[in-house]
Structures are given as C-alpha cells and as structure tokens.
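Here are my notes on this entry, as numbered points. Please read them with the structure open.

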There are 2 protein chains.
Amino acid sequence: MTKNLGPAAARRTFDEEVVLDAAAHVFRRHGFGGATVREVAQAAGMLPGSLHYRYPSKETLLLDLMERALNRLLALGRAAVEPARDPAERLRLGLGAHIEALLSGDDDFYVLLYDWRSLEGGAMQRMLRLRARYEGFWDDLLLDAARAGWARPGIDLELVRQFGFGAMNWVAQWRQENDPRTPGEIADAFWSYLAFGLLAEDKRRTFGQTAKKRKGGRR
Amino acid sequence: MTKNLGPAAARRTFDEEVVLDAAAHVFRRHGFGGATVREVAQAAGMLPGSLHYRYPSKETLLLDLMERALNRLLALGRAAVEPARDPAERLRLGLGAHIEALLSGDDDFYVLLYDWRSLEGGAMQRMLRLRARYEGFWDDLLLDAARAGWARPGIDLELVRQFGFGAMNWVAQWRQENDPRTPGEIADAFWSYLAFGLLAEDKRRTFGQTAKKRKGGRR
DNA sequence: AAGTTTCTTGGTCATTTGACCAAGAACCAC
DNA sequence: GTGGTTCTTGGTCAAATGACCAAGAAACTT
C-alpha cells in the first residue's frame, strides 16, 4: 500500500497535521457539534471536497484529533519525567509538563478535554483505552511516590489523580492569553498546594483533630 | 401584563422548569451545538411548535438554563455556608455543597460547565456577570479564612480558587453513577487534600527546602 | 356561559449540513 | 517525458435544522 515513503508521504503527513490543527482550532471555538466541515476546510486552506478526500467524515477528524492529543500528552509527560529518579520530583515534572501542554496554545488538548461526549461507539471505546494509558502513567508516578513514603497515609491514590487532573485541566478553561502568571509559575504554585496544602502551619494540629473526628461521611 | 398570579402563572413556571430540565438533559448528552430543538421538545413531551412558543430560539434556552444553574449554585452555596461562623468551616461547607450539587444528577450544572463556549455576545456578557457573583462568593470565603490566619502565607487566593474549582468541577466528568464513593466522601477527601496537602508529615520539612530554592519560575 | 387569554397542533420554509463524485490538474517514479 | 498515482476543483444531493405560523383547542376569568 504505502510502499513509497519519499517526499509524497512526507507531504501527506505534513498536510494531515495542518488539517488536524485546523480542526482543533474550529472544534475548540464552536465545539464539535457546533462546527461544520466547511469551516474546518476553510481553516485548513482547502475546499470541502479536498478535506473529504483526506477525512471521509467529521467524526474521523475528531477521533484522529483526540488520539493525537492523547499521544502527545503521554509523550510530553514521559519525556518530562524521564530525567529524574526521585518519585516526588518525577511527579512535579509531570505536573509541569501537563500544565505547559494545556497552555501551549495547542488546541488539541482543549478538544480532548471538552469534546469527549461527541465520541460514540467504537471511537469512544478506542479513546477510553488510550485515556487509560495516560491515567496509568500517572497512577504509576503516584504509586511510586506513595511506596517511597512520600504520601500522607490513608489517601486514595485514584481520587488524588482525579483531584489533580481537575485542578490541572481547569487551567485550560480560565487562563487567558494575557494572564500575568506564566505556565511555569502556575505549575509551581499548584505543586505547592498539592504537596503542602493550604492551611497555615500553626493551624494544622488543631484543625486536624476536628476534621478527623467527623469521619462517618455525610449523606 | 402578568397581573394574574393564579394557577396559570404557577403552571407556567412549572412548565418552564420541565422545559429547562429537558434542555439540560439533551444539551448534556450531545452538547449545545450537537443538540436539536426537536430533541429538546421531545424530551420535554411537547411538539417543536409548543417549545417555540415558550422559547423563541435555541440560544434563549441555553441562556436561561445556565442562568438557572448559576443561581442555583449560588443559592446552595450560601445556604450551606450560612449556619457556620468559623471561616474554615464555612469553606468546608461550601465545598461540600458545590460537589453535592454537581453530583446531584441535575444536568444544569454540567451544561453550565461544559457549554460555555456556545454563548455569544450579550448572552456571554450576562453569564460572565453572573459567574463573577459566584466567584465573588468564593473569594469572600477565602479572604475571610485568610484574614483569620487560616491560610499558609504567600498563597495566591485567586489561584487557589481556580485550583479548587478545577478539582471540584472535574468530578462532574469522572464520577460514574455506580462509584462506591458518596459525594460526601469525595468532598471530605478533597477537603483534606486541600487543607493538608498530600505529602507525608515526615517529608514536609526537607521537601519544603528543595521546593523553596527553585523560585525563579521556569520558562 | 361568554369572552379572553394561553397554549397546541401540524405543518411550512429557507438554509445549512455532511457526504459524495466526475473530471481534471499536479505530482512523482521511472 | 511518459504513465500512473495523488490530490483539487466545483459542484450535487438528500436530509436535517432553526425558525415560524395560521387555526383551533384548552384553560382561565368574570
């Protein structure tokens, strides 16, 4: 099939990137449901027919896009974490990479986070599997840190992951282009909130007691 | 105009709720852009024409829906916080209320969080103003706590709010119907993560030093 | 019960939308 | 350069969509 890996193939992959970039941009603005293939084609600098030649359906576009996003996120995470051996430092680096990715201006990640519900059937299954890989990456980081004694005892690591994901992913929502805080500053601040909590040193003791007492869980 | 506040008016408000509930349900599943007014009408148990009689456009529906969501959220928050005087306890109660609302099964909140980009022009401005009220509610809680000495010095309260919003709002995304954790348990866990952090007691000191050293902020 | 207001019915209408394609242009390997 | 492959052009087409409405039914007021 693709036995030819010369300039033609290179151009094809390049064009594919351009198309997905355009799709990401359009989907981000209007949402998958609100976007039209014509808009995507225009953003990619081609006619709708040409887009159709590359992507037979709007849904294929979304699937490829989200797949690319998740693969990129995982690659960035792994690369960021790789140089460190200390589990806590690896966590910190992973957090930094995730936040920098979301704020890099790459629209992929936004679509990945906010157009999940537009997937259906097989596409959804496929993405769930990919997402599980990324979650596994984080669970490994967390588990390593916990095993090395970094984690406060009794915390639920899966809940911690979701807690952290939420805090991190939300930045894609609120951070404006003109925000004075750099992505790195936000990451550092978040890291300190996560590690140390928000309570003042002198309040930890007394407060801890009251919180511990109420343990039955309401509702 | 509406000088008659008898049963007719009561039924109207009731019907309005039903319609908005239906819209919330449909918008949540397919997204605003992907949903059709016909679907909303059917979910509300009426013909498209009847829906049009109440709401002249799809966008009106979204605006009213998100307005209701934000008003409800603010009302729930205020009610939850009201009985306590201690700033930290008020924060804890607010967090519980927010999470319980998101997990109550009310589709409004999901739409509020994830269809923001479908608003345009005046509707967007209006919602921004309402959102600012809710953010103000939280900023007051945070500021009171900080002024009473509960907060670790040097933390950015606005960043903390976004951090917390992210962690809380994300639960609407990941929590499944069959999750063993009750909303109350999730809220309690999140509260402890926020207050105390995730680090083990014995690691706080040494770790703190390394974290403090790197202060320039990357990038 | 009559008169008035509120709401429903069952449809129309102009656009938009996703998908598709035949014919030709551009590109490439040989 | 030539022959085959890849991609674009400029359009079509059926279905879906948001908005709309005239006529009648239901509900309410007095």
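1. A residue counts as buried when its relative accessible area is under 20%, as exposed when that area is over 50%, and as partly exposed in between. By that cut-off Arg68(A) is buried, because its relative accessible area is 10%. Keep in mind that this is a predicted model.

2. The fold of chain A. Chain A has eleven helices and zero strands. Of its 219 residues, 53% count as buried. Consider contacts in chain A with a separation of 6 or more: residues 24 or more positions apart account for 69% of them.

3. The Asp21(A) pair. Asp21(A) and Arg68(A) meet through their side chains in a salt bridge, 2.7 Å from N to O. Asp21(A) has 40% relative accessibility, so it counts as partly exposed. Arg68(A), as said, is buried.

4. The Arg72(A) pair. A salt bridge also joins the side chains of Arg72(A) and Asp108(A), at 3.6 Å from N to O. Arg72(A) sits in helix H4 of chain A and Asp108(A) in helix H6 of chain A, 36 residues apart, and the pair links distant parts of the chain. Arg72(A) counts as partly exposed because its relative accessibility is 27%. Asp108(A) is at 1%, so it counts as buried.

5. The interface in numbers. On chain A, 64 residues are in contact with 65 residues of chain B. The area buried between the two chains is about 6400 Å², and carbon and sulfur atoms give 56% of it. The rule finds 34 residue pairs in polar contact across this interface, both residues at pLDDT 80 or more. Several helices of chain A give two or more residues to the side that touches chain B, including H1 (7–34), H5 (87–102) and H8 (157–169). The largest share, twelve residues, comes from H10(A). The residues on this side of chain A divide into 31 nonpolar, 16 polar and 17 charged.

6. Salt bridges between the chains. Eight are found across the interface of chain A and chain B. One of them pairs Asp156(A) with Arg181(B), with the closest N and O atoms 3.0 Å apart. Asp156(B) and Arg181(A) also meet in a salt bridge, 3.0 Å from N to O. Asp156(B) lies in the loop between helix H7 (121–147) and H8 of chain B, and Arg181(A) in the loop between H9 and H10 of chain A, so the pair joins two chains. Asp156(B) is partly exposed because its relative accessible area is 29%. Arg181(A) has 12%, so it is buried.

7. Gln162(B). This residue is found in helix H8 (residues 157–169) of chain B. Gln162(B) counts as buried because its relative accessibility is 7%. Leaving aside neighbours within four places in sequence, Gln162(B) is in contact with Trp170(A) and Trp174(A). A polar contact of 3.3 Å joins the side chains of Gln162(B) and Trp170(A).

8. Lys203(A) is placed in the loop between H10 and H11 of chain A. Lys203(A) is buried yet has no salt bridge. Asp202(A), the nearest side chain of opposite charge, is 5.1 Å away. Leaving aside neighbours within four places in sequence, Lys203(A) is in contact with Ala148(B), Gly149(B) and Trp150(B).

Notes
Residues are numbered from 1 along each chain as its sequence is written. Chains are lettered from A and ligands numbered from 1 in the order in which they are written. This is a predicted model: local features need pLDDT of at least 70, side-chain atom pairs count only at pLDDT 80 or more; totals for chains, interfaces and linings use all residues. Side-chain values use heavy atoms; hydrogens and water are left out. Contact means heavy atoms within 4.5 Å. Buried area is the accessible area (1.4 Å probe) that two parts lose on being put together, summed over both. A salt bridge is a side-chain nitrogen of Lys or Arg within 4 Å of a carboxyl oxygen of Asp or Glu. A polar contact is a pair of N or O atoms within 3.5 Å; within protein, one must be able to donate a hydrogen and the other to accept it, and residues adjacent in sequence count only if both atoms are side-chain atoms. Helices (H or I, at least four residues) and strands (E, at least two) are DSSP runs, numbered from the N terminus. Ala, Val, Leu, Ile, Met, Phe, Trp, Tyr, Cys and Pro count as nonpolar, Asp, Glu, Lys and Arg as charged, and the others, Gly among them, as polar. Buried means under 20% relative accessible area, exposed over 50%, partly exposed in between (1.4 Å probe, protein chains only). Lys and Arg count as positive and Asp and Glu as negative; His and the chain ends are not counted.
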